[in-house]
Amino acid sequence: MSAGLCVEGLSVEYVAKARRPEKQGRRQSALVDIGFTLSEGETLGVVGESGSGKTTLAHAILRMTPASSGRVLWDGVDLIGLDERDLRPYRRQMQLVFQDPYEAMNPRMTIGQIVSEPLRLAYAMGRRARLKQAAELLHQVGLDGTIRSRYPRQISGGQRQRVALARALATSPRLLVLDEPTSGLDVSLQARILNLLRDLQARQGLSYLFISHDLAAVSYVAHRTLVLFAGSLMEQGPTDALIRHPAHPYTAALLAAVPAYGAARAPRAAPAAPPRALDSAPPACVYYPWCDQAQARCRSEPPPMVSLDGQRLVSCHYPLSDKT
Amino acid sequence: MTGATHGGLFFPRRRWRVTGGAAGERAGIALFLALVVFSWAGPWLYPHDPLAIHARHILTAPGARFPLGTDALGRNVLARLMRGGQATLAISLWASVIGLLAGLLYGMTAGLGPSWLDRALMRLLDTLLAIPTLVLMIFFAAIVPLNEANLAPLLGLVAWPGIARLARNEALAARERDYVRAARQFGAGRFYIARVHILRAMLPLVIINATFLMADMILGLSGLSFLGLGIQPPHASWGGLLNSGAGLAVIGAWWLIVFPGLAIFLAILAMNMAGQGLLARLDGEGRG
């Protein structure tokens with residue numbers, strides 16, 4: 001088995017807890033049959049609108065949300081099957097940077113305590129060694145050591161994002177899952193954080209799972225990209241090729257919604273899909289009701305994942321050709 | 001939000017906003033300290049036996065020899081008020097501490113444990129709350145001897161449900177916070193999370209509620225003593241002084257109820273002011 005992350009057929013379902021018997025046990029699927037690989041030192045972008053399952057994917061990989069089926073292989077070991085104790089050494093190797101760094105920090109702890117908490121938990125390090133290490137971690141993300149005595153509410157959004165990053169780096173992980181790392185920041189700060197991420201990757205050989213709805217950010221950092229829609233994988237492939245020549249109509253719609261990529265056309269709203277109820281889902285393409293390329297077959301038969309040129313996978317009966 | 005979830009011990013909780021902010025808090029604490037000094041340093045500065053009977057000076061009005069008068073047996077009211085303050089404040093404090101610790105333990109167990117345990121513990125709590133406090137107290141007062149050592153746990157016993165509910169709700173809210181999930185991701189165990197994150201998140205609110213609880217305990221103990229179930233004569237407590245003075249006030253011995261009543265009133269006022277001030281400070285801080 002290769003080093004890195006390999007996800008196979010990962011699905012997450014939520015079972016509705018309803019009082020009324022006819023609604024009881026109704027399953028809602030949040031993720032359906034997701035598969036991809038992420039090798040060492042690589043960045044994989046995950047794009048999709050809100051509610052498409054990006055955060056669920058991150059949480060399922062890190063075992064923060066139980067998966068209903070599938071495998072998450074880390075260096076060939078299936079993490080889904082491990083119990084909490086066996087999982088512990090792996091937890092250190094993969095860290096999550098939460099979507100909202102402010103929410104992810106205890107408001108009553110200082111930055112120094114926040115950054116050194118993983119050291120205390122993972123290595124049972126003494127207080128003095130911890131604080132010293134915390135200063136080093138903060139320095140790594142471009143922050144001054146004096147920030148250690150501040151509280152999360154006393155620092156700026158960009159600093160908070162860096163602190164979140166420093167904390168995630170504390171256990172020397174090999175994989176960082178970055179959940180919308182730039183969403184709350186203004187454009188110049190976004191660029192700085194993205195550059196910092198690239199620097200860290202170059203220095204430490206980290207792998208990133210980079211979740212974002214911002215295609216510009218993804219195209220800047222991600223080597224390869226996944227496109228999610230309603231919990232299903234629409235398309236994956238090298239980021240450049242995927243952006244230049246989207247093969248799935250949804251990817252094309254997503255790109256058209258970004259002014260910079262939509263060229264002369266006015267930005268068009270990409271469709272938003274409601275969560276699917278599994279029991280009532282017709283055997284069809286999930287995207288078909290919104291698709292402008294849809295044909296009769298799309299309504300009756302879910303499209304298989306097909307390979308376009310060895311590198312790209314697309315889940316569509318009628319992928320867009322390179323010419324259009 | 002205001003964090004007080006418990007009702008009064010005997011009466012529905014009504015609270016008047018006395019003053020806002022740090023001034024009220026400081027005044028409340030100062031007033032409380034003044035009462036503590038009065039009760040403990042007082043007997044030292046005014047060394048008179050609270051139990052000594054001056055048979056010739058029955059029901060003397062406040063004057064030069066007895067600053068706050070004497071009671072029906074000729075005992076020195078000022079000395080009794082000081083000694084009664086010690087009993088009242090110490091028992092209330094211990095009762096609050098016991099109620100606080102028991103409530104925290106119970107509430108955090110419910111809030112952090114599995115959901116079936118939470119449901120079971122909360123239904124049990126509802127059942128306990130359905131029994132009127134006074135009835136419960138009278139029941140226990142009938143089976144254990146009433147002395148200073150027993151009264152504190154007895155009062156604490158009825159004090160903890162409010163704190164328990166508060167702690168449970170706060171724990172439930174805190175455990176789904178992202179920073180708790182982050183700690184779990186770093187390998188934090190259940191007890192670490194409870195101690196470091198959840199307790200820290202709810203401690204300020206709990207401390208504030210403890211001040212209100214203390215006020216409740218003072219009132220509760222005084223009420224109990226007034227009914228004759230508190231500290232037993234001849235030992236003094238503020239509520240007990242009020243009880244023995246009540247019948248005599250109608251024949252003109254006003255000093256027998258005014259001074260103990262004033263002491264109880266000031267103690268409760270002090271705790272409420274301190275609690276209000278702390279609460280205002282916490283809200284201003286923007287918790288969460």
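I'll start with a helix pair in chain B. T88(B), I91(B), S92(B), L93(B), A95(B), S96(B), G99(B), L100(B), L104(B), M108(B) and L112(B), on the α3(B) side, meet R190(B), A194(B), I198(B), V206(B), A210(B), L213(B), M214(B), M217(B), I218(B), L221(B) and S222(B) on the α8(B) side. Sorted by class, the residues of this contact come to 16 nonpolar, 5 polar and 1 charged. Before going further: what you have on the screen is a predicted model.

Now the geometry of that pair. Helix α3 covers residues 77–112 of chain B and helix α8 covers residues 190–226 of chain B; they pack at an angle of about 145 degrees, and their axes are 8 Å apart. The crossing of α3(B) past α8(B) is right-handed.

Take α3(B) by itself. How far does α3(B) reach from its first C-alpha to its last? It reaches 51 Å over 36 residues, close to the 52 Å expected at 1.5 Å a residue. The helix is also mostly covered, with 26 of its 36 residues buried. As background, an α-helix has 3.6 residues a turn, so residues three or four places apart point the same way.

Next, chain A. It has 10 helices and 13 strands. Of its 324 residues, 42% count as buried. For contacts in chain A with a separation of 6 or more, 63% are between residues 24 or more positions apart.

Let me go to strand β3, residues 43–47 of chain A. This strand is mostly covered: 5 of its 5 residues are buried. Which residues point which way from β3(A)? T43(A), G45(A) and V47(A) point one way, L44(A) and V46(A) point the other way, and all are buried. In a regular strand the side chains alternate between the two faces of the sheet.

β3(A) has two partners to show you. With strand β8, residues 207–211 of chain A, β3(A) pairs in the parallel sense over 4 bridges. There T43(A) stands opposite Y208(A) in β8(A). With strand β9, residues 224–229 of chain A, β3(A) is joined by 4 bridges, and these two strands also run parallel. In that pairing G45(A) stands opposite T225(A) in β9(A).

Is α1(A) enclosed by the rest of the structure or open? It is largely enclosed, because 8 of its 8 residues are buried. These are K54(A), T55(A), T56(A), L57(A), A58(A), H59(A), A60(A) and I61(A). Note that K54(A) and H59(A) are among the buried residues.

After α1(A) comes R63(A), whose phi is positive, near 60 degrees. Most residues other than glycine have a negative phi. I have two further cases in loops.

One is D75(A), with phi near 50 degrees, a positive value in a residue other than glycine. D75(A) is in the loop between β4 (69–74) and β5 (77–78) of chain A. It counts as partly exposed because it has 14 C-beta neighbours inside 10 Å.

The other is S172(A), where phi is near 45 degrees, again positive in a residue other than glycine. S172(A) sits in the loop between α5 (157–169) and β7 (175–179) of chain A. Why does S172(A) count as exposed? It has 12 other C-beta atoms within 10 Å, and a residue with 12 or fewer is exposed.

Back to strand β4 of chain A, for R71(A), which lies in it. R71(A) has 16 other C-beta atoms within 10 Å, so it is partly exposed. Which residues is R71(A) in contact with, leaving aside its neighbours within four places in sequence? They are E8(A), G9(A), D78(A) and I80(A). R71(A) and G35(A) are 36 residues apart in sequence, yet 9.0 Å apart in space, C-alpha to C-alpha.

Last, the interface. Here 19 residues of chain A are in contact with 14 residues of chain B. On the chain A side, the elements that give two or more residues are α2 (84–93), β6 (94–97) and α3 (111–123). Of these, α3(A) gives the most, with 4 residues. By class, the chain A side has 10 nonpolar, 3 polar and 6 charged residues.

How values were computed:
Residues numbered from 1 in each chain as written. Chains lettered and ligands numbered in written order. Predicted model: local features only at pLDDT ≥ 70, side-chain atom pairs only at ≥ 80, totals over all residues. Contact = placed C-beta atoms within 7 Å. Nonpolar A, V, L, I, M, F, W, Y, C, P; charged D, E, K, R; others polar. Buried ≥ 20, exposed ≤ 12 C-beta atoms within 10 Å, placed from the backbone. Axes fitted to C-alpha atoms, helices over the stretch in contact; angles between N-to-C directions. Left-handed = near helix turned anticlockwise from the far one by under 90°. Expected span 1.5 Å × (residues − 1). Pairing = 2+ DSSP bridges.
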